[in-house]
Amino acid sequence: MSQNNLIDGRAIAAQIQGELTQRIAALKARGVQPGLAFVRVGEDPASKVYVGRKEKTSGELGIFSETHVLPEATSAADLLKLLAKLNADSRLHGILVQAPLPKQIRQEVIYATVLPEKDVDGFNPVNVGKLMLGDDTGFKPCTPAGVMELLIRSNVKTDGAEVVILGRGNIVGKPMAAMLCQKGRHANSTVTICHSATRDLKAHCRRADIIVAAMGVAEFVKADMVKPGATVMDVGVNRIADATSKTGTRLVGDVAFAEVQPIAGRITPNPGGVGPMTIAMLMQNTVRAAEQAT
Ligand code: NAP
């Protein structure tokens with residue numbers, strides 16, 4: 001099996017973080033330390049891991065961070081009170097409220113409360129609108145922005161490409177489509193979004209030059225769904241049973257990697273592809289927020 005068609009997300013994320021180190025040093029020389037607040041509600045194990053990784057990377061880069069953990073039963077009013085405080089805190093340039101939130105709190109209200117200029121997650125409606133309008137002054141959601149960066153830095157041509165996105169979620173599928181269909185450099189694709197009501201999803205996939213899989217269905221994309229030479233970006237994170245692993249489970253993506261890799265032109269491993277980029281893009285948004293605030 002050839003290894004040279006891999007798009008190495010860890011290496012590209014490290015490269016981006018290297019570039020950020022210089023920008024952070026320049027900010028510090030002006031007396032500014034970028035600051036990022038994490039808010040986690042409840043004890044969802046995956047959320048704990050995600051926030052832990054983001055805290056660790058912030059620390060490594062010299063970004064100041066603080067984490068607020070609220071109980072599962074927190075009311076929307078209490079969370080809004082905390083966000084008002086964080087919005088007003090000049091040490092903090094970015095605020096990230098880790099999803100998912102408990103049922104009593106409406107995600108849209110929280111997205112709309114984080115100030116657009118501190119919304120390094122890119123989900124405030126102002127930033128979502130700017131993304132649709134092709135206005136680059138807004139913050140873009142980290143995971144699809146990470147996919148874009150992987151495509152750009154791997155020289156995958158998007159101009160005129162047929163792109164099929166699997167999944168129309170607000171976090172990945174929809175913003176991914178908005179990024180790729182913009183008129184301009186490093187975009188300009190013909191985008192199809194597939195979802196659970198799509199007729200003949202396989203036929204859409206087979207004509208794609210680029211597939212972005214963001215459904216959350218383990219190993220859904222099989223070899224017979226991929227055009228030889230296509231680029232395959234695997235965003236999904238799924239835990240499946242594995243009797244050979246110590247924990248009895250392991251993480252896989254939405255792509256059946258072993259059978260798709262030999263056919264694909266380029267492919268992201270998973271883990272080690274899109275995941276590290278999400279964090280790198282969060283750090284990049286935070287540094288930009290600090291630069292813009294000063
Ligand atoms: P989501 O909001 O739940 O959206 C999933 C989408 O997939 C929906 O549009 C759904 O269709 C579609 N879908 C699910 N099963 C399908 C099927 N059998 N056939 C066709 N369409 C199907 O998910 P998300 O938040 O966008 O996340 C997607 C995946 O990316 C998840 O695995 C998530 O863990 C992962 N993720 C990874 C990162 C990272 O950093 N690596 C970050 C964020 C998310 P309907 O709309 O019709 O229901």
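Helices (H or I, at least four residues) and strands (E, at least two) are DSSP runs, numbered from the N terminus. This is a predicted model, so local features need pLDDT of at least 70 and side-chain atom pairs count only at pLDDT 80 or more, while totals for chains, interfaces and linings use all residues. Residues are numbered from 1 along each chain as its sequence is written, and side-chain values use heavy atoms, with hydrogens and water left out.

A cavity here is a set of points, on a 1 Å grid over the protein atoms alone, where a 1.4 Å probe fits but cannot get out; lining residues have an atom within 4 Å of a point. Searching the whole structure turns up 1 cavity of 30 Å³ or more. The largest cavity holds about 60 Å³, a volume being the space filled by probe spheres set on the points, which are joined across faces, edges and corners.

What lines the largest cavity? Look for Ile 95, Leu 96, Val 97, Ile 110, Tyr 111, Val 114, Asp 119 and Asp 121. Strand 3 (94-97) and helix 4 (107-113) are the elements giving two or more residues to this lining, and strand 3 has the largest share, with 3 residues. By class, the lining has 6 nonpolar, no polar and 2 charged residues (nonpolar: Ala, Val, Leu, Ile, Met, Phe, Trp, Tyr, Cys and Pro; charged: Asp, Glu, Lys and Arg; polar: the others, Gly among them).

Now for the helices. The axes of helix 6 (residues 142-153) and helix 10 (residues 274-293) come within 8 Å and cross at roughly 105° (axes are lines fitted to C-alpha atoms, for helices over the stretch in contact, and angles run from 0 to 180 degrees between N-to-C directions). That makes helix 6 roughly perpendicular to helix 10, a label for angles of 65 to 115 degrees; under 35 is roughly parallel, over 145 roughly antiparallel and the rest oblique.

Note on methods:
On a 1 Å grid over the protein atoms alone, a cavity is a set of points where a 1.4 Å probe fits but cannot get out, and a pocket is an open set with protein on both sides within 12 Å along at least five of seven lines; lining residues have an atom within 4 Å of a point.
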